[in-house]
Amino acid sequence: MKHNHSKIAEKHDDLALLGGNPVRTKDFRSEPMIDDQEISLVAELMRKNRFSKFVGSPMESTREDLKKKSVDLLSEEDGFSFLGGEYVRKFEAEWSRLIGADYAVSVNSATSGLTTALRALDLEPGSEVITTPFTFTATAASIVLANCVPVFCDIDPETFCLSPAALEKLINRNTCCVMPVHWCGNAGDLDEILAICNKHGLKVVEDAAQSPLTYYNGKSLGTFGDVGVFSFNEPKNIMTGEGGIIVTDDQRIAEKCRLIRNHGEAIITDEDSDDYLINTVGYNFRLTEIHAAIAYMQLKKSKKLNSIRANNYKHLKKNVEEKLGEYLTPQRITHPESYFAYTAAFRWDSAKSGVHRDIIAQAMISEGIPLFKGYHRLVCDHPMFKRKLAFGVNHHPWHEGYYSGNVDYNALPLPNARHLVDNDFIGFLLMGWPNTTDDIDHIILAFEKVIHNLERLRDLTLKGDIKFSLGR
Ligand SMILES: Cc1ncc(COP(=O)(O)O)c(C=O)c1O
C-alpha cells in the first residue's frame, strides 16, 4: 500500500518520540456535556434539600409498587418512598421507554447493578456463570459477589466479544448463566450466543455497561437477555458521575432487584414464601435524586451526544481503512452503529508490522494522541482468581460445599483474548464531545507519521534503543 507521506514528512520529519515536534500540543479528551440545564436543576434540588428520597422500610403501598412497571411509578410527590423520589422515578420511566423494557431499576453503579441482577435470578451459590476475560474487572467481580463461579470463555478476534464456538464447549452441568459483554458497544455475534443459551436453558445477563442506546437487529442492547445492565459513570455516553441501571421485562426479576437495591430483607414478612426471601438480603445501591436528575437531563441530549460520537468514529474508521489498513483493522461491529466512548477500537498487527503495539502506543502518545491499550491484564489473571481467594480463607465460592466443578484459572489458554490484550489492541476514548472531525484528523495524521517511520522504529527496536514492556 502506497501512501503520500511527503506533506507529513515535511511538517514532522522526526517522530516526537525521537525528539521531533508532536502532531498535537492541545489537550485532547472527551468530556461530559454539562450545561445550565443540569446545573440549575441540581441547584434547585439542593436548595430544596432533595438529596435522596429513599427509605429502607416498607410504606403503605410498597408491596404493590414493587410490582409496577417503571412508567406506572411516576410520582410528582415530594415524599419519601422505598422506590425513590421524583427524579429516580422519572429517570427510570424515561429509560424504560427509550430502551423498550418494562422495568428499569436505577442503581449507584453498573457493578452494583450486575451483582443485583445476578442475585435476582436466584442462582445457587457455586453456579457457574460464563463470561469474557477481556473486560473490566467488575464483570467478573459481580459474579463472585453474587456467590457464583466465573468461567472465562475466549473471544472472537474480530469482534472482541464472546466466541460462540468457544462458549458452547464450556457449557456443562454446573453452567447456569452466560454474561456477554457488549465490548465497546459491540453486540458481537449475539444471535448465536442467545441461540446457544436457549438450547441449553441458560439465563443471560447482558453486561451492557458500554452500550447505552445501541441497537442490534433494531432492538436495544440490554433487552435481549433475562436482564441487562448499563453504566453511567463519567466516560460513558450518558453520565451521572457514578450510576447504573438494570432493565428487564420480567416482573419477578424487577421486584427482586428493587428489594436487593434497598435492604430487601426488611420488607419480607413471616407470611412470605422462602422463594421470595432467597437472595433478597439487600444493600444500599440507591441512586441519589441529584444523580438521577443529572441523568434525566443528560437523556434529553443523548441523540446529540451519540451523533457526535458516531460522526467522529465513522470519519476515523473510513480514514483508517483507506490510509492505514495495512496494519490497523477496526473492531468488527455487528450492527450499523455504536456510539460508545470506547468504540474506536482497533487491532494493530504487531507481527506483520514488525513493531510491537506498545511501541506504536508510545509513539502516538508522544505525538499528543491519548490512546489506551485495553486492560492491563485479562480478568482471569487477577490473583483473586488464580488463588481462588475472595471471601475468607476457605475459597468461597469455589469451596466444594457449594461448588462441584473444577475450574482452574491457572491453566486457561484463551489464545485470542491473550493475543489481543498483549499485542494488538488499540483504542481511543476521544470520539465524544467536544471533539470534531478536525480533532480526529490529528489521530489520522499521527498514525500516518508513525507508519511513515515504521522502518526506523523497527531498527531501533531491534537494536534495543527503544524499550517496550509486554503488559502495562
Ligand atoms: C464492561 C463493563 N462492565 C462493568 C463496568 C462497571 O461499571 P461501573 O463503573 O458503573 O460500576 C464497566 C465500567 O466501565 C464496564 O466497562
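Modeller: This is a predicted model. Start with Pro434, which sits in the loop between β12 (425-428) and α17 (437-452). In general, most peptide bonds are trans.

Another cis bond joins His396 and Pro397, with omega about 10°. Pro397 lies in the loop between α15 (383-386) and α16 (415-424).

Now turn to phi. Most residues other than glycine have a negative phi. Phe160 is not a glycine, yet its phi is positive, about 65°. It belongs to the loop between β3 (149-152) and α7 (164-170). Phe160 counts as buried because 27 other C-beta atoms lie within 10 Å. His263 is also no glycine and has a positive phi of about 55°. Its loop runs between α9 (251-261) and α10 (274-277). His263 has 20 C-beta neighbours inside 10 Å, so it is buried; the cut-off for buried is 20 or more.

Gly201 is in the loop between α8 (190-199) and β5 (203-207). With 8 C-beta neighbours inside 10 Å, Gly201 is exposed. Its C-alpha atom is 9.7 Å from that of Thr175, 26 residues away along the chain.

Last, the ligand. Around it are 14 residues, of which Ser109, Ala110, Thr111, Ala209 and Ser231 come nearest. α5 (110-120) and α6 (137-145) each give at least two residues to this shell. By class, the shell holds five nonpolar, eight polar and one charged residues.

Technical notes:
Residues are numbered from 1 along each chain as its sequence is written. This is a predicted model: local features need pLDDT of at least 70, side-chain atom pairs count only at pLDDT 80 or more; totals for chains, interfaces and linings use all residues. A residue is near a molecule or strand if its C-beta atom, placed from the backbone, lies within 6 Å of it. Helices (H or I, at least four residues) and strands (E, at least two) are DSSP runs, numbered from the N terminus. Ala, Val, Leu, Ile, Met, Phe, Trp, Tyr, Cys and Pro count as nonpolar, Asp, Glu, Lys and Arg as charged, and the others, Gly among them, as polar. A residue is buried if 20 or more other C-beta atoms lie within 10 Å of its own, exposed if 12 or fewer, and partly exposed in between; C-beta atoms are placed from the backbone.
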